[in-house]
Structures are given as C-alpha cells and as structure tokens.
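Student: Could you walk me through this structure? I would like to learn how to read its features.

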Amino acid sequence: MIEGLKVELTADELGRLLEQRVAHHREVAADCDARRIRLRTVTTPRPDDTEEQLAAAWPPYLENLERRAERHRDRAEALRFLRDHLVSQEIYRLGEEDLELLQVWPQDTQVRAHDEDDE
C-alpha cells in the first residue's frame, strides 16, 4: 500500500533532473559573479542601469551578490553529490518533500483536492 501521492522516477530520470538543477545553480552563480565584477568597476552609474544605480546607492549589494553566488555554488555541489550517488537501475519513489529538496517541485505549490476559490 502506498500512502499519499508519490512519484516514481528511474535513477536515469532523476539524474537528468538533478543535472538540470546543478547546471541552473552554476549558471546563476556565474551570472552573480559576472555582475559583481562588472559593478565593481563602475565609477559613475548610468541613469538607465538600475543595477548600477543600486550598487552605487547601497554598497553592500556587491557583497549580497557574492553571498548569493556562494549559496548557488553550495546548492549545485549538494545536488551534484546526490546525483553522483544514485543507485543505477533503481526506481526512486519521491514525495512532495523529496521533490522540493531536489528542487523539481515548485516550493510555493500545494496540491489540494479542490481549489478553495471554486467553492
């Protein structure tokens, strides 16, 4: 008997999903690093560049970008670790919490038997 809703994924399917999430986090970290480096060299912010304006008005913004990049690198590493330790030829039965942890389920989504607005 299965209690609750579970999703079954093969190790290959789960590995592909995890690889997509790893790639996403690496891309976001690289983007944060590139933006931080670019903004560090700006001496006079352009009026049409809101990010340059923000960095000039709030210097901790560069540190914020650095912390964000580090969080994404850490998340990519954690997901890579999980991906690399999947048991091939196995079926993984995942619940909502598992899917959220692996970032393949939207965090703010809750499945309900019916929409409260429909009442």
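Tutor: Let's begin with exposure: buried means under 20% relative accessible area, exposed over 50%, and partly exposed in between (1.4 Å probe, protein chains only). Trp-58 counts as partly exposed because its relative accessibility is 40%. Tyr-61 has 10%, so this residue counts as buried. The model is predicted, so local features need pLDDT of at least 70 and side-chain atom pairs count only at pLDDT 80 or more, while totals for chains, interfaces and linings use all residues. Residues are numbered from 1 along each chain as its sequence is written, and side-chain values use heavy atoms, with hydrogens and water left out.

Student: How many aromatic pairs does the structure hold?

Tutor: Rings of Phe, Tyr and Trp (its six-membered ring) pair if their centres lie within 6.5 Å; planes under 30 degrees apart are stacked, over 60 edge-to-face, and the rest tilted. The structure holds 1 aromatic pair. Trp-58 and Tyr-61 form this tilted pair, with 6.4 Å centre to centre and 45 degrees between the planes.

Student: Where is Val-87 found?

Tutor: Helices (H or I, at least four residues) and strands (E, at least two) are DSSP runs, numbered from the N terminus. Val-87 sits in the loop between helix 3 (60-84) and strand 2 (91-94). With 45% relative accessibility, Val-87 counts as partly exposed.

Student: Which residues does Val-87 touch, not counting those up to four places away in sequence?

Tutor: Contact means heavy atoms within 4.5 Å. Leaving out residues up to four places away in sequence, Val-87 touches Ala-11 and Tyr-92.
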